[in-house]
Amino acid sequence: MLEGRLTRQDRQRIAVGLAEGRSYAEIARRLGRPTSTISREVGRNGGPGDYRPERAHQAAARRARRGIPARSPEPQDRTALEVAEGAVEMAVGMGLPKMVARVLIGLWLSEDGRLTAAELSRGLNVSPASISMAVGYLTQQGLIRRERDPQRRRDIYVVDDDAWYHSTMISARQTLAAAEITKVAGQALGLDTPVGRRLARGGAFLERISLDALASAERWRDLPP
């Protein structure tokens with residue numbers, strides 16, 4: 001059984017890995033275990049947001065004494081864990097910091113796309129300071145938005161159908177601004193110089209692709225699923 005192979009120290013290292021925002025695959029490599037072993041262990045002991053190594057070890061010991069085999073996570077839970085892990089790794093591969101990616105995917109995979117900072121902190125098992133940093137970045141990039149709950153005096157972070165539209169528009173406008181600066185610099189240095197030509201050409205390219213992106217975002221904003 002799995003409990004016979006995982007020690008108390010193994011479970012403590014799993015908890016540390018989860019707290020650091022590491023994927024199941026990363027934790028598994030550190031322990032020299034299959035990824036499926038880690039996902040099963042975490043899935044049947046509270047999930048990534050509520051995994052407690054000592055509690056998990058005690059539960060495993062009780063099952064071993066009773067001769068009860070370990071229960072694997074339900075197929076739906078296992079699928080959700082695999083989807084979340086894969087999505088986080090994809091977002092990191094696209095350039096997002098690991099914690100930012102975990103917060104974004106946590107919101108995307110939540111039931112209604114609305115979570116408070118406290119809910120994110122509990123769900124991801126990380127500090128409020130980490131959540132604050134991540135939501136600040138995501139809000140700035142237009143990937144999520146902040147709503148105020150006046151009755152309970154708390155912020156609610158929301159990801160909705162327009163998230164990618166707003167993010168694309170912000171990114172394209174930033175690129176357009178960079179294009180203008182680059183073109184001006186090229187003209188100032190002179191189009192008859194190698195540096196001036198290089199900057200002017202780069203600026204023209206950035207201008208064109210950013211304008212195309214702005215137009216495309218507007219055209220496809222209401223695209224049905």
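Visitor: Let's start with Arg-8, is that residue buried, exposed or partly exposed?
Guide: In this predicted model, Arg-8 is partly exposed, since its relative accessible area comes to 38%.

Visitor: And which residue does Arg-8 form a salt bridge with?
Guide: The partner of Arg-8 is Glu-54, and the closest N and O atoms of the two are 3.0 Å apart. Glu-54 belongs to helix α5 (residues 53-66) while Arg-8 belongs to helix α2 (residues 8-19), so the pair ties together parts that lie 46 residues apart in sequence.

Visitor: What about Glu-54, buried, exposed or partly exposed?
Guide: Glu-54 counts as partly exposed, with a relative accessibility of 34%.

Visitor: How many salt bridges does the count come to?
Guide: The count comes to 16 salt bridges. One of them is between the side chains of Glu-147 and Arg-145, at 2.4 Å from N to O; Glu-147 is partly exposed at 22% relative accessibility, and Arg-145 is partly exposed at 35%.

Visitor: Which side chain does Arg-148 meet in a salt bridge?
Guide: Arg-148 meets Asp-155, with 3.1 Å from N to O.

Visitor: Switching topic, what is Thr-116 in contact with, leaving aside its neighbours in sequence?
Guide: Once the neighbours within four places in sequence are set aside, Thr-116 is in contact with Arg-154, Asp-155, Ile-156 and Tyr-157. Thr-116 itself sits in strand β1, which covers residues 114-116.

Visitor: OK, now the inside. Which residues touch the most other members of the largest nonpolar core?
Guide: That core has 24 residues, and those touching the most other members are Val-103, Leu-107, Leu-120, Ile-131, Val-135, Leu-138 and Ile-144. Two or more residues of this core are given by each of α6 (75-93), α7, α8 (117-124) and α9 (128-140), and the largest share, seven residues, comes from α7.

Visitor: Can we follow up on Ile-144: what is in contact with Ile-144?
Guide: Apart from its neighbours within four places in sequence, Ile-144 is in contact with Leu-104, Leu-107, Val-135, Leu-138, Thr-139, Tyr-157, Val-158 and Val-159. Another core, of 13 residues, lies apart from the largest one, and among its members are Ile-14, Ile-27, Ala-56 and Leu-81.

Visitor: You mentioned Ile-27, so which residues of helix α3 are buried?
Guide: In helix α3 (residues 24-31), the buried residues are Tyr-24, Ala-25, Ile-27, Ala-28 and Leu-31. These residues cover an arc of only 160° around the axis, which means that they are on the same side of α3. Just after α3 comes Gly-32, which takes a positive phi of about 70°.

Visitor: Last one, which residues make the nonpolar surface patch?
Guide: The patch, of about 400 Å², is made by Val-83, Trp-108, Leu-109 and Trp-164. Of these, Trp-108 lies in helix α7 (residues 98-108), and Trp-108 is partly exposed with a relative accessible area of 33%.

Conventions. Residues are numbered from 1 along each chain as its sequence is written. This is a predicted model: local features need pLDDT of at least 70, side-chain atom pairs count only at pLDDT 80 or more; totals for chains, interfaces and linings use all residues. Side-chain values use heavy atoms; hydrogens and water are left out. Patches are made of residues with over 30% relative accessible area and no salt bridge: like charges are joined within 9 Å, nonpolar side chains (Val, Leu, Ile, Met, Phe, Trp, Tyr) within 5 Å. Accessible areas come from the Shrake-Rupley method with a 1.4 Å probe; for residues, only the protein chains shown count as cover. A salt bridge is a side-chain nitrogen of Lys or Arg within 4 Å of a carboxyl oxygen of Asp or Glu. Helices (H or I, at least four residues) and strands (E, at least two) are DSSP runs, numbered from the N terminus. Buried means under 20% relative accessible area, exposed over 50%, partly exposed in between (1.4 Å probe, protein chains only). Contact means heavy atoms within 4.5 Å. The arc is that of the directions from the helix axis to the C-beta atoms. A nonpolar core is a set of buried Ala, Val, Leu, Ile, Met, Phe, Trp, Tyr and Cys residues joined through side-chain atoms within 4.5 Å.
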